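This briefing covers a single protein chain. The notes below are grouped by topic and are meant to be read beside the structure.

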Amino acid sequence: MTLIICPQCSHENSALAEVCLECGLELVEDKMKFSEMAVILLVIATLIMIIYYMTMAPH
Ligand SMILES: [Zn+2]
């Protein structure tokens with residue numbers, strides 16, 4: 001099971017936790033940032049694939 005380590009107190013919280021059980025810091029914001037980062041990485045990977053295909057495709 002995935003654990004979320006609190007950036008404030010380093011407590012290991014359940015991945016389902018919305019706030020740190022130790023200090024009460026909100027962890028939802030970090031999840032949103034992570035998902036945004038995943039989307040950005042997906043877009044970049046897609047662009048690289050398109051550029052690679054256009055470069056390698058015979059003209
Ligand atoms: Zn904490």
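Where in the protein chain is confidence lowest, and where is it highest? The model is predicted. Confidence is lowest in helix α1 (residues 28-56), with a mean of 88, and highest in β2, at 93.

**Confidence overall**

- Across the protein chain the mean pLDDT is 88.
- A pLDDT of 70 or more is reached by 90% of the residues.

**Elements and overall packing**

- The protein chain holds 2 strands and 1 helix.
- Read from the N terminus, the order of these elements is β-β-α.
- Only residues with 20 or more other C-beta atoms within 10 Å are classed as buried, and 5% of the 59 residues in the protein chain count as such.
- Among contacts with a separation of 6 or more, 0% are between residues 24 or more positions apart.

**The loop between β1 and β2**

- Ser-10 lies in the loop that joins β1 (3-5) to β2 (12-14).
- The phi of Ser-10 is positive, at about 65°, although the residue is not a glycine.
- Most residues other than glycine have a negative phi.
- Ser-10 is exposed, because 10 other C-beta atoms lie within 10 Å, and the cut-off for this class is 12 or fewer.

**The loop between β2 and α1: Cys-20**

- Cys-20 sits in the loop between β2 and α1.
- Cys-20 has 20 other C-beta atoms within 10 Å and is therefore buried.
- Beyond its neighbours within four places in sequence, Cys-20 makes contact with Cys-6, Gln-8, Cys-9, His-11, Asn-13, Leu-25 and Leu-27.
- Pro-7 is 13 residues away from Cys-20 along the chain, and their C-alpha atoms are 9.5 Å apart.

**The loop between β2 and α1: Leu-21**

- Leu-21 is also placed in the loop between β2 and α1.
- Leu-21 is partly exposed, because 14 other C-beta atoms lie within 10 Å.
- From Leu-21 to Cys-6 the C-alpha distance is 9.2 Å, across 15 residues in sequence.

Notes:
Residues are numbered from 1 along each chain as its sequence is written. This is a predicted model: local features need pLDDT of at least 70, side-chain atom pairs count only at pLDDT 80 or more; totals for chains, interfaces and linings use all residues. Helices (H or I, at least four residues) and strands (E, at least two) are DSSP runs, numbered from the N terminus. Two residues are in contact if their C-beta atoms, placed from the backbone, lie within 7 Å. pLDDT is the predictor's confidence in each residue, from 0 to 100.
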